[in-house]
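Look at the structure before reading on.

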Amino acid sequence: MDFALVAKRLAGQSPALDTDARSGEFDRRGFLKLSALGGGGLAVTWSAPAALAAEEGAPAAPKKPVDPSPFIKIHPDDTVEIRVNRLDFGQGALTALPMLVAEELDVDWKQVRASLAPAGEAYKDPLFGIQMTGGSSAVPNSWLQYRQVGAATRMMLVAAAAAQWKVPAEACSTEAGVVRHGSKRATYASLAAAAAKQPVPSSVALKAPADYRIIGHGKGRIDAVASVSGKKRYGIDHRLPGMKVALLQRAPTFGGQVESFDASKAKAIKGVIDVFQVSTDRGGTGLAVIADGYWPAKQGREALQVKWKPGVGGTVSSDKLLAQYRDEAKAPKLTALAGDGAAIEAAAKAAPKKISAEYEFPYLAHAPMEPLNATFELKADRAIVWAGTQFQTVDQTAIAQTLGLKPEQVTLNTLPAGGGFGRRAVPSSDYLREAAGIAKAWHAKDPKSPLMVMWSREDDIKGGNYRPAHLHHVDIALDAQGQVQGWDHVIVGQSLVKGTPFESFLVKDGIDHTMTEGVVENTYGMPMRLRATHPDVAVPVLWWRSVGHTHTGFVMETLADEVARAAGQDPVAWRLAKLDPKKHARHVAALKLAVDKSGYGKSLPAGHAWGVAVHESFGSVVAYVVDVSLIDGRPKVHAVTAGVHANQVVNPTAAEAQIQGGAVFGLSMIQPGFAITLKDGVVEQSQFSDFAPPRITDAPPVAVHFVPSNDPPTGLGEPGVPPIAPAVANAVAALTGKRLRKLPFEALA
């Protein structure tokens, strides 16, 4: 497991992958192993982490696959089933990765089916060395892996046909799942068994971009019909014969413990089977209610009489915390970017113009549409688990530890999930450890009944692991012409990774890079000093979609706009003048594309204004131009135009949806009430009614335009989030002259 690479990617950094997409040499990149399957199928597994890791400076020792589970199965009916080693929770990996295989395999897209792979050695990310989904890495990290699997399989099918026909393999061709030579033709399905006996090619030639028939051509999602028809089975839909349902009554404060309880009223409810005490996260204890279904379990939980002992988070209140952060910002303890501190301080004293800005960002819950859940079927010496997890390898180990088993004794099946936004990628595997503990206790009482452990919406929003609250304080010294002479930036907020396996890779000189990413790059080349402080707060925190860029992108792009206007320049012209044309060529291209497509600068209806922002995260650059007005003091976004540089776009249809979804998700940060607040250690929100994401009436039309490129893909799941809120704030400033520095936005008078 390469925690360093995983950590960097999850934190929004983007280690460069191999850009030679055509050579596909297996002697460098690993090896394929074939095995024939029953029913005439052909299975291919691949393990090639070594060379890719080496290109990242990681150890290059070859790794032999432990589990030879298949990536490809060719069925007798000529359909091709492709196993996807990621979780699909809305981002479209279940379609994008099979497109890579199908392109090189030379099959018709109509032949392709897809399924999610269980936890397994063969399915580990070729770069990270663990099976996971996160950091917008699914397509970038599998770009070569899945294409090579397809290309190698095609070569073996061709070799099988050539041997059968006694002709040179080079004289054969493939198209739409058929091998041809002159008048001879054979389907892949008819050749599969013979192909499985062919030697694995040591190298493959991958297609040139000009030859792509599938990559770069928009495809509807493989699971679209099932999704819109209600037939798709998410983790929460999983059912087993005799299965019981468990709900956990947690303490109101983080790490709180049961002091005493009375379960008599709960047990009197029809369908409630048992109530017992279990351990919970952060040293707490809780009460598990076991029932025949969710509803009786919920009723039983509400009937419990419990007296609690306060936990570690029993004194946290948001107002007091913000006051503490303000004090800490006056004397930051850590330096992320020293700059010329003396010159910056001197410029501040002498500056004829100054900008002094404080920004507030609250805690945010992930709040996926499908709350957390996991189903357990325990046997004497093994466990079968079903869950929508982003961290299969980590979670499999955590479940095994909790159950007292070895990881290989736990079969972890990946099921589709209704969103996650980071909540299903937890270094501590908190919710699965908790669920496994309940399942283990239940198994001791009833060895025959499988158990689903569920979280309600309220459990999810009140249960912890939030995007941390942050405070930024920035002092900018300007000369008489509005040019920046000094940029002094301080950030206060909890570390995301302190105490996790990622701490040693993401914390340098005491500073968690996930908090300074998006600022420390200093994209516009300012004379900058960046300092930080990480208070220890007893509130559990976790990466939220786009991680630190969700707050740093807002601060940097609203201040860039403010500085540009202070200099009397158009904000787009100012950005283009400050961006290095070589180092930031992709920023320039994305921004120009958004500007050109939006009509930026043209007259808008009275009461409307343009807003602009551009930001890089997870290797991709997204620029937004928005058309905004004010209704009842709140911004109304009428149109969004996106210019995106994400290199080669594999599935333009899904990529467009990713940016559109990212934009709407990012708008949640400015929505009234979209904040998690605490009073005396208790989270005050519990449902979408008081932690409200955008409704459909809040979602503007989002036109997405991609900069053409044949370079290997970069991330798309998260980069659409950071620039939207600052673009809206900049439009509001253009309308009113007022700068919005507190999220969510408050109504303007």
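Across the interface of domain 1 and domain 3, the rule finds zero salt bridges. A salt bridge here is a side-chain nitrogen of Lys or Arg within 4 Å of a carboxyl oxygen of Asp or Glu. This is a predicted model: local features need pLDDT of at least 70, side-chain atom pairs count only at pLDDT 80 or more, and totals for chains, interfaces and linings use all residues. Residues are numbered from 1 along each chain as its sequence is written, and side-chain values use heavy atoms, without hydrogens and water.

**The interface**
- Five residue pairs, both at pLDDT 80 or more, are in polar contact across the interface of domain 1 and domain 3. Such a contact is a pair of N or O atoms within 3.5 Å; within protein, one must be able to donate a hydrogen and the other to accept it, and residues adjacent in sequence count only if both atoms are side-chain atoms.
- On the side of domain 1 that touches domain 3, α4 (93-105) and α5 (138-165) each supply at least two residues.
- α4 gives the most to that side of domain 1, with four residues.
- By class, that side of domain 1 has ten nonpolar, seven polar and one charged residues.

**The domains**
- The domain assignment gives domain 1 (72-229), domain 2 (235-312 + 372-454) and domain 3 (318-364 + 466-736); the bounds come from an automatic or database assignment.
- The C-alpha centres of domain 1 and domain 3 lie 39 Å apart.
- The contact (heavy atoms within 4.5 Å) takes 18 residues from domain 1 and 17 residues from domain 3.

Methods. Nonpolar A, V, L, I, M, F, W, Y, C, P; charged D, E, K, R; others polar.
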